[in-house]
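Here are my notes on the model, point by point. Please read them with the coordinates open.

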Amino acid sequence: MHDRGHWKNRQIFIMAAVGSAIGLGNLWRFPYVAAQNGGGAFLVPYFVALVSAGIPLMIIEYGLGIRSQASANIALGAIRPFFRYFGWMAILGAFVINVYYCAVMGWTWVYLFDAGSLPEWAKDIASSKHHFMVDVLNVSGSPFELGGIQWPILAGLVATWVIIWAIVKGGLDRVGKVLLYTVPLPVILVLILVVRGLTLKGAATGINYYLTPDWSQLTNPQVWLAAYGQIFFSLSVGFGTMIAYASFMPKKTEIPNSAAITSFANCAFSFLAGFAVFSVLGYFAVASNMPVSEVTGSGPGLAFVVYPAALATLPFWVKGFGFLFFLTLLLLGIDSAFSLLETVSAAISDKFGLSRTVSTSIITGISLLLGLPFTSKAGLLWLDIVDHFILTYLITLVGIVECIIVGYFLGVKKFAQEVNENAEIHLGTIFCIMIWIVTPGVLMYSFILSVFKEFQKPYEGYPVPALLFMGIGSLVIVFVLAVVLGSRYTKNDREWKAIESGILKKEKEKQV
Ligand code: PHE
């Protein structure tokens, strides 16, 4: 059997997990999802989602990876063979996300090269928005109007894939070295932006909007759905990524505290980034005499519009800070993107007995091709639709299934006992209740609600055929591929070996 590799020590493992969690999700996705869902109204469900689903699932994923020493399909399939299909769904979710995640990295590259003229195109929110919508993305009117590839974005997409391919192909040691730089530097840069934002006139207006909870919004199910989706995306749980990363640690690894550190580090960083974005929104709101919620349309462009406008207000070295900022965004995104690639590549190499290089190269090639529509003029619209469907349905489903598998099939008490042998924080009754009822309960509730919402009103007013083709279409592809991958037997197939040995063990136990 080929060597799957392992992390050097627990610090590197935690850093890798934090690196995967902290990414574009914190600086790009969190602010626009928060703004879309009422600013301050969003924070309460966000923290509830962190505690009721984020941390428990992170513990489960670490535990599953460590006990099985394998990818999600095997980790779940070893408990009951049928569950391997759900493992594949998680992994394929990672695959799909990475296709558009790298396209956003492509935008970032374009911005990096535009930093030299930042003072002109970002002098106020309106020009910055124009730069995003027209100069960089050239967004078309409808998802079906592809309108040709935007070559600079495609170049950025290719650059991103080449980099993450080279890193993942190089194995875990190379990944570990890269992380030493990509994790700490962004924190410093974001701090600079927060300080700048907070010292602008009008910042307080924005911060009030960000921090004042609007309790009436708590009865709005949409806000809750968005919060759970954001927690999954941001913590990298529900994609098999944390299972894969944990599988590179020895069986005696500490789990609950590592999961708590990862989760809090990640969410603290998002919270911090919120200060930068909302203080700047406050500044422009006051300057232009508008309510904060109307300064920019919210949506996936928010970060790309607001941060540059903030940078343009710096008293000196604007271009330099601009360049550093986009470099930061790239560094943040790179370790998340390679964790996504690693998730898929590890599973494929386990399944087909391929070397790391071969499986990484195949996945990279396919993903790059699938990424092409996301570099077209309709790319932003495609991204918005695919992201919505994959996060709301696929990943929530995986979360529910993981709780049921561990809660009822493996037995959460048995799981907790295993974990507690090496734990710094012990898992007790609260954890068991979470996994039995609370987490799957809230997730099921939000799943059902989202189905209703979907039928009431097309998501964000997109044409229904587009939602069917891109949204439901990507879900169908994931389900079909999951069944195909889980059903096929290949030579050197670790998945089947693990499942068979699990079944044999159970039969032996029965005979005795
Ligand atoms: N958590 C990453 C981010 O916030 C994205 C990601 C999702 C990475 C899922 C791995 C798995 O940017």
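1. Start with the contacts of Met89. Contact here means heavy atoms within 4.5 Å. Beyond its neighbours within four places in sequence, Met89 is in contact with Leu394, Leu397, Val398, Val478, Phe479 and Ala482. The residue sits in helix α5, residues 84–114. Helices are DSSP runs (H or I, at least four residues), numbered from the N terminus. Met89 has a relative accessible area of 8%, so Met89 is buried. Buried means under 20% relative accessible area and exposed means over 50%, with partly exposed in between (1.4 Å probe, protein chains only). Gly240 is 151 residues from Met89 along the chain, yet their C-alpha atoms are separated by 8.9 Å.

2. A word on the basis. This is a predicted model, where local features need pLDDT of at least 70, side-chain atom pairs count only at pLDDT 80 or more, and totals for chains, interfaces and linings use all residues. Residues are numbered from 1 along each chain as its sequence is written, and side-chain values use heavy atoms, with hydrogens and water left out.

3. The ligand site. Which residues are closest to the ligand? They are Ala21, Gly25, Tyr101, Phe233 and Ser236, among 15 residues that surround the ligand. A residue counts as near if one of its heavy atoms lies within 4 Å. Backbone atoms supply several N or O pairs. A polar backbone atom of Phe233 is 2.8 Å from a nitrogen atom of the ligand. A backbone N or O atom of Ser20 is 3.1 Å from a ligand nitrogen. For Leu24, a backbone N or O atom lies 3.1 Å from a ligand oxygen. A polar contact is a pair of N or O atoms within 3.5 Å; within protein, one must be able to donate a hydrogen and the other to accept it, and residues adjacent in sequence count only if both atoms are side-chain atoms.

4. Ser339 also belongs in this discussion. Leaving aside neighbours within four places in sequence, Ser339 is in contact with Ser20, Thr241 and Tyr245. Ser339 lies in helix α16, residues 318–352. Its relative accessibility is 1%, so Ser339 counts as buried. A polar side-chain atom of Ser339 lies 2.7 Å from the backbone oxygen of Ser336.

5. Pro186, Leu189, Val190, Leu193, Val194, Arg196 and Gly197 are buried in α10. They cover an arc of only 165 degrees around the axis, so they are on the same side of α10. That arc is taken from the directions from the helix axis to the C-beta atoms. The face turned away from the buried side carries the exposed residues Ile188 and Val195.

6. Cysteines. The structure holds 0 disulfides, a disulfide being a pair of cysteine sulfur atoms within 2.5 Å. Cys403 is buried at 0% relative accessibility, and Cys432 is buried at 6%.

7. Last, a loop residue. Leu427 is in the loop between α18 (379–420) and α19 (429–456). At 11% relative accessibility, Leu427 counts as buried. Not counting residues up to four places away in sequence, Leu427 touches Ile59, Pro256, Ala416, Val419 and Asn420.

Terms used. Helix = DSSP H or I, 4+ residues; strand = E, 2+ residues; numbered from the N terminus.
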